Amino acid sequence: MTPSPDRVEGALLGLACGDALGVPYEFGAAPLAASEAPRMIGGGLGPYEPGEWSDDTQMAAVIARVAADRGLADEAALDAVVEGWVGWLRDGASDVGTQTRHVLGAVAARSGAPRPAERARAAAQELHRRTGRTAGNGSLMRTAPVALAFLDDRDALTVHARAVSDLTHPDPLAGDACVLWCHAIRVAVVEATMPALEDLVGEVPTPRRDAWAGWIADAGRRPPADFAPNGYVVTALQAAWSAVLHPRGGGAPPVASLTAAVHAGDDTDTVAAIAGALLGARWGASSLPEEWVAAVHGWPGLRSADLRDLARRVAGLA
Ligand SMILES: [Mg+2]
């Protein structure tokens, strides 16, 4: 069955809208009263223009371009993703997570053998050995294009969601989160339903399934703000999932859930970007407010129409 172009486009456009909506409020950069709806006013850590997206969508755009041009299924694709990110770090990065900067900086400092993806994994694993901490939310925030690249192949999606995560985030929990979220996006696009995330834990390795089931259930019981700080990939996923399940204020599902995501506080753009990809995949690009769609833009010189085109190409619909 051919997936709906509206939901395919929604995955990337929802990501971008969540990102741009959360940017102004990242780490409390702008005040947001409890009764207030977040707005794409720019500022934040960039500073960003109103409607401008940040590193979350920027890094996802690199993955999407490689996926659209040549697919993501082999090591050469991962090399192209890493090369794209190194170019982004050099030319376009407006803000960069600590872990991602460390890994890409190490890749950029050397050339030749081994190839870029291997250098990235080696740098990431060295960081993991040294600090024991590589489970930041930086691979989950950019994972949505991987789901679009494997809508017709669940097993391949499991493998490649982790492979793209591992380029910078070797902690198994970061890979698990990307696998879970990609499968949720896949189900939302293909079946036009919001999946029960707990039904997808069979996609992660057996020893960690019970832990994930518990974390997901916890997110179902508590509001998004209970999962701040959310720089850790587990709490970022919990905050995003809680926002999907606990909309705030009025409006269509993406609007109310993204409002809830931004009100979670802390890493607001990333939590809203994660939630936005899944919400857009479920409800479609047509569910996003026209003023958001008109406003969003960012590196590498893209606007909504470009993201729609990119999403369709990644999913093989173009
Ligand atoms: Mg960001």
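A residue counts as buried here when its relative accessible area is under 20%. In this predicted model, D95 comes in at 13%, so D95 is buried. D95 sits in the loop between α3 (75–91) and α4 (98–108). Leaving aside residues up to four places away in sequence, D95 touches E26, Y48, S54, D55 and W88. As for I63, 32 residues from D95 along the chain, the two C-alpha atoms are 18 Å apart.

The largest pocket has a volume of about 610 Å³. Its lining takes in 29 residues, with G97, T98, G136, N137 and G231 lying nearest the centre. Helices α2 (55–70), α4, α5 (116–131) and α12 (268–283) each give two or more residues to this lining, and α4 provides the largest share, with four residues. Sorted by class, the lining of the largest pocket holds 13 polar residues, eight nonpolar and eight charged.

Finally, a helix pair. The axes of α8 (residues 172–191) and α10 (residues 233–245) come within 9 Å and cross at roughly 25 degrees. Angles under 35 degrees count as roughly parallel, and α8 and α10 are therefore roughly parallel to each other. On the α8 side, the contact is made by L173, A174, A177 and W181, while α10 brings in V233, V234, L237, A240 and W241. The residues of this contact come out as nine nonpolar, with no polar and no charged ones.

Definitions and conventions
Residues are numbered from 1 along each chain as its sequence is written. This is a predicted model: local features need pLDDT of at least 70, side-chain atom pairs count only at pLDDT 80 or more; totals for chains, interfaces and linings use all residues. Side-chain values use heavy atoms; hydrogens and water are left out. Axes are lines fitted to C-alpha atoms, for helices over the stretch in contact, and angles run from 0 to 180 degrees between N-to-C directions. Angles under 35 degrees count as roughly parallel, over 145 as roughly antiparallel, 65 to 115 as roughly perpendicular and the rest as oblique. Contact means heavy atoms within 4.5 Å. Ala, Val, Leu, Ile, Met, Phe, Trp, Tyr, Cys and Pro count as nonpolar, Asp, Glu, Lys and Arg as charged, and the others, Gly among them, as polar. Buried means under 20% relative accessible area, exposed over 50%, partly exposed in between (1.4 Å probe, protein chains only). On a 1 Å grid over the protein atoms alone, a cavity is a set of points where a 1.4 Å probe fits but cannot get out, and a pocket is an open set with protein on both sides within 12 Å along at least five of seven lines; lining residues have an atom within 4 Å of a point. Grid points are joined across faces, edges and corners, and a volume is the space filled by probe spheres set on the points.
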